[in-house]
Amino acid sequence: MSRQIIVGNWKMNGTSRDSQALVQALLAGLPASVPDVVICPPFTQLALLTDTLKTTSVALGAQDCHKDASGAHTGDISASMLTDLGVSYVILGHSERRQEHGELDETVREKAVAAGKAGLTPIVCIGETEDQRDSGEHFDTLGWQIKGSLPDGFLGILAYEPIWAIGTGRAATTDEIAETMKFLREELVRQFGESGKTIRILYGGSVNDKNAASILSITDVAGALVGGASLKAEAFLSIVGAASAA
């Protein structure tokens, strides 16, 4: 298993002043030996932070991209526009995109294809609702999301985020995460063969400085997709430190 990766999803947060201050605090506090670290600010901050991160070990990610390389898509950003800015990763299919913008598995798959063609590493999110878990449909749901959202020959990262644990302060138990990770690995191998053994799987959903160490020690958890805690330098650095020790 390759070293872990910690991805900070800032969501719709961050003015230029705030973003620069947060990044400077992160860079000042990073230990000498760190896992792969990616920050994903809003589109408006990407150009600003490109120069700041250019000579550092921290990579830049975006929160979405369009499936087309260009065209009449007002308000959208293409994958090639992101690589032009020095972006290396892109989050796709986050539950907030699926719920608030009606994105389907097919939409996410098309974006993942576009991201790969442009040289970006897609971080594709999947996750079940509380009702789906409580009814015992969570594994079927996740299996179908993998099949529908990941294109053939997928070389990116899978992020598992139980929807009921995003922004709620309620994280899944370590036993629940371990059971789900085991299923996801088996499903990736079933659908992708040998390559499914090496696709990195991140856990997201109220990851914070208090639970990160226990989550990151679970088999097949290759890192974390961090939401609210990524906006606090001290908390995010603590999570990075937990990954270094895992």
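Helices (H or I, at least four residues) and strands (E, at least two) are taken as DSSP runs and numbered from the N terminus. The structure is a predicted model, in which local features need pLDDT of at least 70 and side-chain atom pairs count only at pLDDT 80 or more, while totals for chains, interfaces and linings use all residues. Residues are numbered from 1 along each chain as its sequence is written, and side-chain values use heavy atoms, with hydrogens and water left out.

Eight strands form a closed barrel in the order S1-S2-S3-S4-S5-S6-S7-S8, with parallel pairing; two strands pair if DSSP finds at least two bridges between them. On average, neighbouring strands of this sheet are turned by 25° against each other, direction ignored. Strands S6 and S7 run parallel and are joined by four bridges. Within S7, Arg-200 stands opposite Ile-157. Helix H8 packs on the sheet, where H8 touches S5, S6 and S7, and its direction makes about 150° with that of S7. Helix H10 lies across S1, strand S2 (36–40) and strand S8 (223–226), and runs at about 160° to S1. For these angles, axes are lines fitted to C-alpha atoms, for helices over the stretch in contact, and values run from 0 to 180 degrees between N-to-C directions. Contact means heavy atoms within 4.5 Å.

Glu-128 lies in the loop between strand S5 (121–126) and helix H6 (130–134). Glu-128 counts as buried because its relative accessibility is 0%, where buried means under 20% relative accessible area, exposed over 50%, and partly exposed in between (1.4 Å probe, protein chains only). The side chains of Glu-128 and Arg-133 are joined by a polar contact of 2.7 Å. Such a contact is a pair of N or O atoms within 3.5 Å; within protein, one must be able to donate a hydrogen and the other to accept it, and residues adjacent in sequence count only if both atoms are side-chain atoms. Not counting residues up to four places away in sequence, the residues touched by Glu-128 include His-138, Tyr-160 and Trp-164. Asn-9, in strand S1 (residues 5–9), is buried at 5% relative accessibility. Leaving aside neighbours within four places in sequence, its contacts include Cys-40, Gln-63, His-94 and Ser-230.

Rings of Phe, Tyr and Trp (its six-membered ring) pair if their centres lie within 6.5 Å; planes under 30 degrees apart count as stacked, over 60 as edge-to-face and the rest as tilted. By this rule there are two aromatic pairs. Phe-139 and Phe-183 are stacked, at 4.4 Å centre to centre and 10° between the planes. Phe-139 lies in helix H7 (residues 138–149) and Phe-183 in helix H8 (residues 174–192), so the pair ties together parts 44 residues apart in sequence. Phe-139 is partly exposed at 23% relative accessible area, whereas Phe-183 is buried at 15%. The pair of Tyr-160 and Tyr-203 is tilted because the ring centres are 6.0 Å apart and the planes stand at 55°. Tyr-160 is in strand S6 (residues 157–160) and Tyr-203 in strand S7 (residues 200–204), 43 residues apart.

A nonpolar core is a set of buried Ala, Val, Leu, Ile, Met, Phe, Trp, Tyr and Cys residues joined through side-chain atoms within 4.5 Å. The largest has 62 residues, of which Ile-6, Ile-39, Leu-184 and Tyr-203 touch the most other members. Helix H10 (residues 233–245) supplies the largest share of this core, eight residues. A second, separate core of 13 residues includes Ile-5, Tyr-89, Ile-91 and Leu-202.
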